[in-house]
Amino acid sequence: MEISGADLIRAAALLGAGLSMGFGAIGPGVGEGIVGGSACEAIGRNPREAGLLTRTMLVGQAVSESTGIYSLVVALLLIFVV
Amino acid sequence: MEGIGKVSQWVFHLGGMRIEVNSATLLMSWLIIGLILVFIVLATRRRAMVPGPWQHLSELIVCWIRDLCVDALGEEWGKRYYPLICALFIFLLLCNWISMVPYMTAPTQDLNTTLGLGIMGFFIAHGTAIWVKGPKNYISEYFKPLFFLMPLNVVGEVAKVISISFRLFGNIMGGSIIIIVVSYLVYGLILPPFLNAFFNLFVGTIQAFVFTVLTLVYISVQIR
(Lines give C-alpha, C1' and ligand atoms only; values in the text may rest on other atoms or scores of the structure.)
Protein backbone atom coordinates (compact mmCIF):
# COMPACT_ATOMS: atom_id res chain seq x y z
CA MET A 1 0.00 0.00 0.00
CA GLU A 2 1.52 3.27 -1.13
CA ILE A 3 0.96 6.57 0.65
CA SER A 4 0.97 9.24 -2.04
CA GLY A 5 2.25 12.77 -1.60
CA ALA A 6 -1.24 14.24 -1.79
CA ASP A 7 -2.45 11.98 1.03
CA LEU A 8 0.50 13.00 3.16
CA ILE A 9 -0.22 16.68 2.63
CA ARG A 10 -3.89 16.16 3.51
CA ALA A 11 -3.00 14.21 6.64
CA ALA A 12 -0.49 16.84 7.75
CA ALA A 13 -3.00 19.63 7.14
CA LEU A 14 -5.66 17.90 9.24
CA LEU A 15 -3.15 17.22 12.02
CA GLY A 16 -2.09 20.85 11.94
CA ALA A 17 -5.71 21.98 12.12
CA GLY A 18 -6.31 19.85 15.19
CA LEU A 19 -3.18 21.10 16.93
CA SER A 20 -3.90 24.71 16.04
CA MET A 21 -7.40 24.74 17.45
CA GLY A 22 -6.45 22.53 20.40
CA PHE A 23 -3.66 24.73 21.67
CA GLY A 24 -5.43 27.87 20.62
CA ALA A 25 -8.40 27.17 22.86
CA ILE A 26 -6.33 27.22 26.08
CA GLY A 27 -5.51 30.91 26.16
CA PRO A 28 -8.97 32.43 25.65
CA GLY A 29 -10.47 29.96 28.12
CA VAL A 30 -8.11 31.05 30.89
CA GLY A 31 -8.35 34.73 29.98
CA GLU A 32 -12.14 34.86 29.83
CA GLY A 33 -12.37 32.96 33.09
CA ILE A 34 -10.20 35.56 34.81
CA VAL A 35 -12.36 38.37 33.40
CA GLY A 36 -15.53 36.59 34.52
CA GLY A 37 -14.11 36.07 38.00
CA SER A 38 -13.22 39.73 38.38
CA ALA A 39 -16.71 40.68 37.18
CA CYS A 40 -18.33 38.37 39.75
CA GLU A 41 -16.19 39.88 42.48
CA ALA A 42 -17.07 43.41 41.40
CA ILE A 43 -20.79 42.61 41.29
CA GLY A 44 -20.51 41.11 44.76
CA ARG A 45 -19.04 44.36 46.01
CA ASN A 46 -21.47 46.66 44.17
CA PRO A 47 -24.70 44.84 43.24
CA ARG A 48 -26.43 47.98 41.98
CA GLU A 49 -24.09 48.27 38.99
CA ALA A 50 -24.71 44.68 37.85
CA GLY A 51 -25.98 45.66 34.38
CA LEU A 52 -23.00 47.87 33.52
CA LEU A 53 -20.55 45.33 34.92
CA THR A 54 -22.10 42.50 32.91
CA ARG A 55 -21.93 44.53 29.70
CA THR A 56 -18.30 45.46 30.33
CA MET A 57 -17.48 41.84 31.11
CA LEU A 58 -19.02 40.67 27.84
CA VAL A 59 -17.06 43.23 25.83
CA GLY A 60 -13.83 42.25 27.57
CA GLN A 61 -14.49 38.59 26.92
CA ALA A 62 -15.27 39.21 23.26
CA VAL A 63 -11.96 41.01 22.77
CA SER A 64 -10.10 38.33 24.68
CA GLU A 65 -11.70 35.70 22.44
CA SER A 66 -9.99 37.08 19.36
CA THR A 67 -6.78 35.03 19.47
CA GLY A 68 -8.90 31.89 19.76
CA ILE A 69 -10.75 33.02 16.66
CA TYR A 70 -7.46 33.54 14.82
CA SER A 71 -6.50 29.93 15.52
CA LEU A 72 -9.99 28.85 14.36
CA VAL A 73 -9.42 30.69 11.08
CA VAL A 74 -6.05 28.95 10.67
CA ALA A 75 -7.66 25.56 11.35
CA LEU A 76 -10.47 26.22 8.85
CA LEU A 77 -7.94 27.31 6.24
CA LEU A 78 -5.95 24.13 6.77
CA ILE A 79 -9.01 21.89 6.53
CA PHE A 80 -10.74 23.44 3.55
CA VAL A 81 -8.06 25.07 1.46
CA VAL A 82 -4.95 22.91 1.77
CA MET B 1 -21.78 19.78 3.97
CA GLU B 2 -20.23 19.95 0.54
CA GLY B 3 -20.94 23.63 0.17
CA ILE B 4 -18.80 24.76 3.10
CA GLY B 5 -15.66 25.94 1.33
CA LYS B 6 -17.45 27.27 -1.72
CA VAL B 7 -18.10 30.92 -2.50
CA SER B 8 -20.79 31.67 -5.09
CA GLN B 9 -19.37 34.08 -7.62
CA TRP B 10 -20.14 35.86 -10.85
CA VAL B 11 -17.19 35.71 -13.20
CA PHE B 12 -16.98 37.86 -16.28
CA HIS B 13 -14.21 38.89 -18.60
CA LEU B 14 -13.72 42.55 -19.23
CA GLY B 15 -11.09 43.65 -21.71
CA GLY B 16 -8.74 40.75 -21.12
CA MET B 17 -9.11 40.80 -17.31
CA ARG B 18 -11.02 38.20 -15.33
CA ILE B 19 -13.33 39.87 -12.80
CA GLU B 20 -14.85 37.84 -9.98
CA VAL B 21 -17.68 39.22 -7.88
CA ASN B 22 -18.91 37.44 -4.75
CA SER B 23 -22.59 37.41 -5.64
CA ALA B 24 -24.00 36.23 -2.30
CA THR B 25 -22.19 38.94 -0.34
CA LEU B 26 -23.21 41.65 -2.81
CA LEU B 27 -26.89 40.71 -2.96
CA MET B 28 -27.15 40.27 0.79
CA SER B 29 -25.53 43.65 1.40
CA TRP B 30 -28.03 45.31 -0.94
CA LEU B 31 -30.88 43.49 0.79
CA ILE B 32 -29.70 44.75 4.18
CA ILE B 33 -29.36 48.31 2.87
CA GLY B 34 -32.93 48.00 1.58
CA LEU B 35 -34.11 46.80 4.99
CA ILE B 36 -32.36 49.71 6.71
CA LEU B 37 -34.03 52.16 4.32
CA VAL B 38 -37.44 50.61 5.05
CA PHE B 39 -36.75 50.94 8.78
CA ILE B 40 -35.76 54.59 8.34
CA VAL B 41 -38.92 55.36 6.38
CA LEU B 42 -41.08 53.67 9.01
CA ALA B 43 -39.28 55.47 11.85
CA THR B 44 -39.60 59.00 10.49
CA ARG B 45 -43.02 58.90 8.89
CA ARG B 46 -45.23 60.48 11.55
CA ARG B 47 -43.01 62.10 14.12
CA ALA B 48 -44.83 62.96 17.33
CA MET B 49 -43.95 63.88 20.89
CA VAL B 50 -45.41 60.55 21.97
CA PRO B 51 -43.49 58.25 19.66
CA GLY B 52 -44.86 55.23 17.81
CA PRO B 53 -42.97 51.94 18.07
CA TRP B 54 -40.56 52.40 15.14
CA GLN B 55 -39.67 55.94 16.15
CA HIS B 56 -39.16 54.80 19.72
CA LEU B 57 -36.81 52.03 18.66
CA SER B 58 -34.77 54.33 16.44
CA GLU B 59 -34.59 56.94 19.21
CA LEU B 60 -33.25 54.30 21.61
CA ILE B 61 -30.47 53.29 19.25
CA VAL B 62 -29.54 56.80 18.12
CA CYS B 63 -29.52 58.33 21.61
CA TRP B 64 -27.50 55.49 23.08
CA ILE B 65 -24.86 55.69 20.37
CA ARG B 66 -24.77 59.46 20.53
CA ASP B 67 -24.03 59.31 24.27
CA LEU B 68 -21.32 56.74 23.61
CA CYS B 69 -19.72 58.88 20.89
CA VAL B 70 -19.87 62.15 22.82
CA ASP B 71 -18.39 60.34 25.82
CA ALA B 72 -15.49 58.97 23.80
CA LEU B 73 -14.74 61.78 21.35
CA GLY B 74 -15.78 64.95 23.13
CA GLU B 75 -18.56 67.34 22.15
CA GLU B 76 -17.52 68.57 18.70
CA TRP B 77 -16.14 65.41 17.11
CA GLY B 78 -18.72 63.24 18.84
CA LYS B 79 -21.56 65.12 17.22
CA ARG B 80 -19.82 64.89 13.86
CA TYR B 81 -19.11 61.18 13.93
CA TYR B 82 -22.08 59.63 15.62
CA PRO B 83 -24.09 59.11 12.38
CA LEU B 84 -21.21 57.07 11.01
CA ILE B 85 -20.92 54.93 14.13
CA CYS B 86 -24.70 54.48 14.24
CA ALA B 87 -24.82 53.35 10.60
CA LEU B 88 -21.91 50.98 11.19
CA PHE B 89 -23.59 49.44 14.22
CA ILE B 90 -27.01 48.95 12.64
CA PHE B 91 -25.46 47.57 9.42
CA LEU B 92 -23.34 45.04 11.30
CA LEU B 93 -26.23 44.07 13.57
CA LEU B 94 -28.52 43.29 10.63
CA CYS B 95 -25.65 41.58 8.78
CA ASN B 96 -25.15 39.14 11.62
CA TRP B 97 -28.84 38.60 12.31
CA ILE B 98 -29.91 37.93 8.75
CA SER B 99 -28.16 34.57 8.64
CA MET B 100 -30.93 33.27 10.93
CA VAL B 101 -33.31 33.37 7.97
CA PRO B 102 -33.02 30.18 5.88
CA TYR B 103 -31.11 30.42 2.61
CA MET B 104 -29.58 33.77 3.58
CA THR B 105 -25.86 34.10 4.14
CA ALA B 106 -24.38 36.87 6.24
CA PRO B 107 -22.28 39.40 4.28
CA THR B 108 -19.84 39.42 7.18
CA GLN B 109 -19.12 35.78 6.39
CA ASP B 110 -16.95 37.17 3.61
CA LEU B 111 -13.60 38.65 4.58
CA ASN B 112 -14.12 41.39 2.01
CA THR B 113 -16.91 43.02 4.02
CA THR B 114 -15.13 43.04 7.36
CA LEU B 115 -11.75 44.02 5.96
CA GLY B 116 -13.38 46.82 3.97
CA LEU B 117 -15.07 48.20 7.07
CA GLY B 118 -11.85 47.84 9.06
CA ILE B 119 -9.84 49.74 6.46
CA MET B 120 -12.54 52.41 6.35
CA GLY B 121 -12.22 52.81 10.12
CA PHE B 122 -8.43 53.00 9.77
CA PHE B 123 -8.60 55.78 7.20
CA ILE B 124 -11.17 57.70 9.24
CA ALA B 125 -9.04 57.48 12.38
CA HIS B 126 -5.81 58.54 10.72
CA GLY B 127 -7.46 61.14 8.53
CA THR B 128 -9.00 62.73 11.60
CA ALA B 129 -5.63 62.56 13.36
CA ILE B 130 -3.91 64.40 10.51
CA TRP B 131 -6.73 66.97 10.41
CA VAL B 132 -6.61 67.62 14.16
CA LYS B 133 -2.91 67.37 14.90
CA GLY B 134 -1.34 68.46 11.62
CA PRO B 135 0.98 66.27 9.52
CA LYS B 136 4.20 67.08 11.35
CA ASN B 137 2.76 66.28 14.79
CA TYR B 138 1.07 63.16 13.46
CA ILE B 139 4.31 61.70 12.08
CA SER B 140 6.30 62.64 15.16
CA GLU B 141 3.80 60.64 17.24
CA TYR B 142 5.19 57.45 15.77
CA PHE B 143 8.64 58.24 17.18
CA LYS B 144 7.18 59.14 20.56
CA PRO B 145 8.31 56.84 23.41
CA LEU B 146 11.71 55.97 21.96
CA PHE B 147 13.10 56.92 18.56
CA PHE B 148 13.80 53.45 17.24
CA LEU B 149 10.33 52.13 18.21
CA MET B 150 8.87 53.55 14.98
CA PRO B 151 8.50 50.19 13.18
CA LEU B 152 6.72 48.75 16.21
CA ASN B 153 4.22 51.60 16.24
CA VAL B 154 3.55 51.24 12.53
CA VAL B 155 3.06 47.49 12.86
CA GLY B 156 0.77 48.14 15.82
CA GLU B 157 -1.48 50.29 13.68
CA VAL B 158 -1.66 47.67 10.92
CA ALA B 159 -2.29 44.95 13.51
CA LYS B 160 -5.30 46.88 14.81
CA VAL B 161 -6.95 46.75 11.38
CA ILE B 162 -6.20 43.07 10.93
CA SER B 163 -7.37 42.10 14.42
CA ILE B 164 -10.62 44.02 14.22
CA SER B 165 -11.62 42.56 10.85
CA PHE B 166 -10.48 39.01 11.51
CA ARG B 167 -12.28 38.93 14.85
CA LEU B 168 -15.64 39.67 13.21
CA PHE B 169 -14.97 37.44 10.19
CA GLY B 170 -13.78 34.50 12.29
CA ASN B 171 -16.68 34.69 14.72
CA ILE B 172 -19.39 34.76 12.06
CA MET B 173 -17.72 32.33 9.64
CA GLY B 174 -16.75 29.91 12.40
CA GLY B 175 -20.23 30.06 13.88
CA SER B 176 -21.86 29.26 10.54
CA ILE B 177 -19.52 26.34 9.91
CA ILE B 178 -20.15 24.92 13.37
CA ILE B 179 -23.92 25.21 12.80
CA ILE B 180 -23.71 23.42 9.44
CA VAL B 181 -21.47 20.61 10.72
CA VAL B 182 -23.41 19.95 13.93
CA SER B 183 -26.76 20.07 12.12
CA TYR B 184 -25.40 17.52 9.66
CA LEU B 185 -24.25 15.28 12.51
CA VAL B 186 -27.56 15.28 14.42
CA TYR B 187 -29.67 15.03 11.21
CA GLY B 188 -31.25 18.40 11.94
CA LEU B 189 -32.99 17.33 15.16
CA ILE B 190 -33.39 19.42 18.32
CA LEU B 191 -30.02 21.21 18.32
CA PRO B 192 -29.98 23.63 15.34
CA PRO B 193 -32.42 26.26 16.75
CA PHE B 194 -30.37 26.63 19.93
CA LEU B 195 -27.12 26.83 18.01
CA ASN B 196 -28.65 29.41 15.66
CA ALA B 197 -29.89 31.47 18.59
CA PHE B 198 -26.51 31.40 20.29
CA PHE B 199 -24.26 32.03 17.32
CA ASN B 200 -26.36 34.45 15.32
CA LEU B 201 -28.26 36.41 17.95
CA PHE B 202 -25.92 36.40 20.95
CA VAL B 203 -22.46 36.27 19.39
CA GLY B 204 -23.54 38.36 16.39
CA THR B 205 -24.82 41.19 18.58
CA ILE B 206 -21.76 41.17 20.80
CA GLN B 207 -19.34 41.13 17.88
CA ALA B 208 -21.15 43.96 16.09
CA PHE B 209 -21.00 45.99 19.29
CA VAL B 210 -17.32 45.18 19.84
CA PHE B 211 -16.41 46.16 16.27
CA THR B 212 -18.24 49.47 16.64
CA VAL B 213 -16.79 50.29 20.05
CA LEU B 214 -13.26 49.40 18.95
CA THR B 215 -13.54 51.62 15.87
CA LEU B 216 -14.72 54.40 18.16
CA VAL B 217 -11.84 53.77 20.57
CA TYR B 218 -9.28 53.84 17.75
CA ILE B 219 -10.64 57.16 16.52
CA SER B 220 -10.64 58.61 20.04
CA VAL B 221 -7.08 57.42 20.72
CA GLN B 222 -5.88 59.31 17.65
CA ILE B 223 -7.75 62.46 18.63
CA ARG B 224 -6.76 62.02 22.32
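Mentor: Helices (H or I, at least four residues) and strands (E, at least two) are DSSP runs, numbered from the N terminus. This is a predicted model: local features need pLDDT of at least 70 and side-chain atom pairs count only at 80 or more, while totals for chains, interfaces and linings use all residues. Residues are numbered from 1 along each chain as its sequence is written, and chains are lettered from A and ligands numbered from 1 in the order in which they are written.

Trainee: Okay, what pattern does chain B follow along the sequence?

Mentor: Chain B has seven helices and two strands. Its C-alpha atoms fill a box of roughly 60 × 55 × 40 Å along the principal axes. Read along the sequence, the pattern of chain B is β-β-α-α-α-α-α-α-α.

Trainee: And chain A: which element has the lowest mean pLDDT?

Mentor: pLDDT is the predictor's confidence in each residue, from 0 to 100. Chain A averages 91, and 100% of the residues score at least 70. Among its elements, helix 2 (residues 26-45) has the highest mean, 95, and the lowest, 88, belongs to helix 3 of chain A.

Trainee: Which helix of chain A gives the most to the side that touches chain B?

Mentor: The contact (C-beta atoms, placed from the backbone, within 7 Å) takes 12 residues from chain A and 13 from chain B. On the chain A side, helix 3 (50-64) and helix 4 (66-80) each supply at least two residues. The top contributor, with seven residues, is helix 4 of chain A.

Trainee: How many charged residues are on that side of chain A?

Mentor: Ala, Val, Leu, Ile, Met, Phe, Trp, Tyr, Cys and Pro count as nonpolar, Asp, Glu, Lys and Arg as charged, and the others, Gly among them, as polar. That side has 11 nonpolar residues and one polar residue, and its count of charged residues is none.

Trainee: How are helix 3 of chain A and helix 7 of chain B placed: roughly parallel or roughly perpendicular?

Mentor: Helix 7 of chain B (residues 191-223) has 33 residues and reaches 47 Å from its first C-alpha to its last. The two helices pack at an angle of about 85 degrees, with their axes 10 Å apart. With 65 to 115 degrees as the range for that class, they are therefore roughly perpendicular.

Trainee: Which residues of helix 7 of chain B meet helix 3 of chain A?

Mentor: By class, this contact has seven nonpolar, one polar and no charged residues. Helix 3 of chain A brings L58(A), V59(A), A62(A) and V63(A).

Notes:
Two residues are in contact if their C-beta atoms, placed from the backbone, lie within 7 Å. The expected span of a helix is 1.5 Å times one less than its number of residues. Axes are lines fitted to C-alpha atoms, for helices over the stretch in contact, and angles run from 0 to 180 degrees between N-to-C directions. Angles under 35 degrees count as roughly parallel, over 145 as roughly antiparallel, 65 to 115 as roughly perpendicular and the rest as oblique.
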